[in-house]
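Here is a quick tour for anyone meeting this structure for the first time. Have a look at the sequence and the fold, then read on.

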Amino acid sequence: VLAELDIYSRRVEATRTGSTGGRDIRNAIGTALIIVESPTKARTIAAMFGKPAKRVIGETIVFETVIPVDSNRIYVASIAASLGHIVDLVTDEGIHGVRVERGRYVPIYDFITKCRSCGSQHIGIYDRCPYCGSDNVYQSFKTYNVLKKLALDVDQVFIGTDPDTEGEKIAFDLMTLLAPFNRSIKRIEFHEVTRRAVLEALRKPRSVDIKKVEAQVARRIADRWVG
C-alpha cells in the first residue's frame, strides 16, 4: 500500500507542477472507510487498485488499498463488509416489533444473531443459539464494533451498499450508528462492480434517500404483520 501511495503521490505532484502555489502534496491525500455488503465485493474493489493489504479485526476482514479518485484526491482506503443488515425489527416488543405511541408507529430495532450451526436468525445479542444451543454464532454488533473503530480513524466514510431500497436501509442504519464517530459520512452508489463505476461513485457521493428507506421500513413491517 505504501508503494502504491508513493506512485500516486508522484503522479499528483506532476500534474500540479507550476500551479500548486507551494501547496503540500499531502493535502491531496486523505483516509477513507468504504463499506459494502459482502467480503467478496470488498476484496474485488480493493484488487482494482493494485494488490491490497489485508488485516483481520475480530471476525472482519479489512482490505487496504490506495484509490486515486482524480488528480486532486487520493484515498488511503480501508474496505470492509457489513454482511448485510446490521439491525432488524425486534420480536418481543409492541406489535411484532412496532410500538404504537400516541397514534404513531415506532419500529424497534436491535442487532442480529445468526447461528452457523442450524441457520436460524434471531434479533438480539445471544452468546448461544436460542434454538439449538450452539455457540457458533455470528453477532452483527461485533461487525458494528469493527466498523466503528475504523470510522474513528478515517477522514471520510463511504457507504456503498446495494443500489436498491434494501441497500438504502442498510446504508441508513450504518450512517445512524456511525454518525457519533465520524462527522463525514456519505452514500455512494454503483450499479456494476468496475473500477470506473467505483471511481465515479466516489466522485459523486450523496446523502441517503429517506424515501427509499421509508419504503423498505414499510415493506419490512408489512412482512411481519401480514406474513
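## A buried glutamine

Q139 is buried, at a relative accessible area of 5%. That figure comes from a predicted model, as does everything else here. Q139 sits in strand β10, which runs over residues 137–139.

So what does the side chain of Q139 make polar contacts with? One partner is the side chain of D127, at 3.4 Å. Another is the side chain of K142, and here the polar contact is 3.0 Å. If you skip the neighbours within four places in sequence, Q139 is in contact with I112, T113, I125, Y126 and D127.

## The largest nonpolar core

Now for the greasy part. The largest nonpolar core is made of 28 residues, and L150, V157 and L178 have the most contacts inside it. Which elements give two or more residues to this core? On the strand side they are β1 (29–36), β5 (87–89) and β11 (156–159). The helices are α3 (140–152), α4 (165–178) and α6 (210–226).

Leaving out anything within four places in sequence, L178 is in contact with I35, Y144, L147, K148, A151, V157 and I185. Apart from this core lies another one, of 22 residues, including A42, I188, F190 and L199.

## One side of helix α2

Helix α2 covers residues 39–47, and its buried residues are K41, A42, I45 and A46. Why are these four on the same side of α2? They take up an arc of only 130° around the axis, so they share a side of the helix. As a rule, an α-helix has 3.6 residues a turn, so residues three or four places apart point the same way.

What covers these buried residues? The cover includes β1, β3 (60–70), β4 (73–81) and α5 (195–203).

Helices α4 and α6 pack with their axes 8 Å apart, at an angle of about 105°. That angle falls in the range of 65 to 115 degrees, so α4 is roughly perpendicular to α6.

Which residues meet where these helices pack? From α4 come T165, E166, E168, K169 and F172. Across from them, α6 brings I210, K212, V213, Q216, V217 and R219.

## Loops with a positive phi

L83 isn't a glycine, yet it has a positive phi of about 60°. You'll find L83 in the loop between β4 and β5. Is L83 buried or partly exposed? With 37% relative accessibility, L83 counts as partly exposed.

H96 is another residue other than glycine with a positive phi, near 50°. H96 lies in the loop between β5 and β6 (98–101). Its relative accessible area is 45%, so H96 is partly exposed.

## A strand valine

Last stop: V100, which is found in strand β6. Its relative accessibility is 45%, so V100 counts as partly exposed, with the limits for that label at 20% and 50%. Not counting residues up to four places away in sequence, V100 touches I95 and Y105.

Terms used: Residues are numbered from 1 along each chain as its sequence is written. This is a predicted model: local features need pLDDT of at least 70, side-chain atom pairs count only at pLDDT 80 or more; totals for chains, interfaces and linings use all residues. Side-chain values use heavy atoms; hydrogens and water are left out. A nonpolar core is a set of buried Ala, Val, Leu, Ile, Met, Phe, Trp, Tyr and Cys residues joined through side-chain atoms within 4.5 Å. Buried means under 20% relative accessible area, exposed over 50%, partly exposed in between (1.4 Å probe, protein chains only). Contact means heavy atoms within 4.5 Å. The arc is that of the directions from the helix axis to the C-beta atoms. A polar contact is a pair of N or O atoms within 3.5 Å; within protein, one must be able to donate a hydrogen and the other to accept it, and residues adjacent in sequence count only if both atoms are side-chain atoms. Axes are lines fitted to C-alpha atoms, for helices over the stretch in contact, and angles run from 0 to 180 degrees between N-to-C directions. Angles under 35 degrees count as roughly parallel, over 145 as roughly antiparallel, 65 to 115 as roughly perpendicular and the rest as oblique.
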